[in-house]
Amino acid sequence: MYTLYGSKGSGSATAEMGLRAAGLEYRIVNAASWEPGPGLDELRKVNPLAQIPTLVLPDGSVMSESAAILIHLGLSAKPGVLLPKDDAARAQAIRGLVYIPANCYSCITILDYPDRFTSEQDKESLDAVRAGTRARLHRHWEIFADTFQATPFLNGAAPGALDFLAVVVSKWAGARAHLKEHRPQFADLLQRIEAHELVAPVFRAHWDA
């Protein structure tokens with residue numbers, strides 16, 4: 001059985017979607033660096049960085065990083081379930097899985113901790129860092145929407161790894177509202193992914209949707 005360390009409303013929802021779609025048995029340990037308790041203590045034993053999601057595989061080895069977890073599950077699952085069967089489509093899906101953490105999730109980190117990215121610690125300076133980062137984040141989502149096309153989902157006939165990562169990370173920092181105005185077709189896609197039977201139960205558990 002897999003063991004997934006995560007917390008409600010966090011990026012661990014992506015790994016949970018991947019495990020569920022692949023039909024794998026797993027247990028969830030509630031753990032996060034901001035939630036002291038036995039779950040966090042257990043998480044630190046397997047991942048000293050206390051990152052979530054962290055996934056312990058049945059053989060006891062440890063995976064971290066959402067994109068890496070989804071790629072691993074996709075390569076382990078039946079072809080077409082989490083990653084496209086077609087070589088060219090699969091290559092683009094992997095590209096997208098790396099694009100989101102590199103360009104979108106990295107902005108979320110700055111928005112959460114702007115003080116780490118400037119020597120100026122006054123409120124006006126920190127607000128300026130947030131404003132610039134939010135604009136860059138939204139532009140990165142516009143580029144993603146223009147680059148990765150759905151047929152009808154990003155994975156093909158049904159949502160897969162790239163759909164899962166996109167639908168979760170776009171929940172944050174006003175990205176959905178921005179996309180609804182500037183890339184309405186992509187915003188509609190995110191709503192379809194969220195409502196899909198593979199995704200909806202996890203979304204309800206994490207965001208009471």
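Two strands pair if DSSP finds at least two bridges between them. In this predicted model, strand β1, residues 2-6, and strand β3, residues 54-56, are joined by three bridges and run antiparallel. Within this pair, Y5 of the chain stands opposite T54 in β3.

**The sheet**

β1 and β3 belong to an open sheet of four strands, with the order β2-β1-β3-β4 and mixed pairing. At the edges stand β2 (26-30) and β4 (62-64); each has a single partner strand, so one side of each has no neighbour in the sheet. On average, neighbouring strands are turned by 20° against each other, with direction ignored.

Which strands does helix α3 touch? The helix, residues 66-76, packs on the sheet and touches β1, β3 and β4. The direction of α3 makes about 125° with that of β4.

**The cysteines**

How many disulfides are there? A disulfide requires two cysteine sulfur atoms within 2.5 Å, and by this rule the count is zero. The cysteine sulfur closest to that of C104 is in C107, at 6.8 Å, which is too far for a bond. C107 likewise is in no disulfide, and the nearest cysteine sulfur to its own is that of C104.

Are C104 and C107 buried or exposed? The table gives the values for each residue.

| Residue | Relative accessible area | Class |
|---|---|---|
| C104 | 0% | C104 is buried |
| C107 | 4% | C107 is buried |

The cut-off for buried is under 20% relative accessible area. C104, at 0%, therefore counts as buried, and C107, at 4%, is buried as well.

Conventions. Residues numbered from 1 in each chain as written. Predicted model: local features only at pLDDT ≥ 70, side-chain atom pairs only at ≥ 80, totals over all residues. Heavy atoms only, no water. Buried < 20%, exposed > 50% of the residue type's maximum accessible area, 1.4 Å probe, protein only. Helix = DSSP H or I, 4+ residues; strand = E, 2+ residues; numbered from the N terminus. Axes fitted to C-alpha atoms, helices over the stretch in contact; angles between N-to-C directions. Contact = heavy atoms within 4.5 Å.
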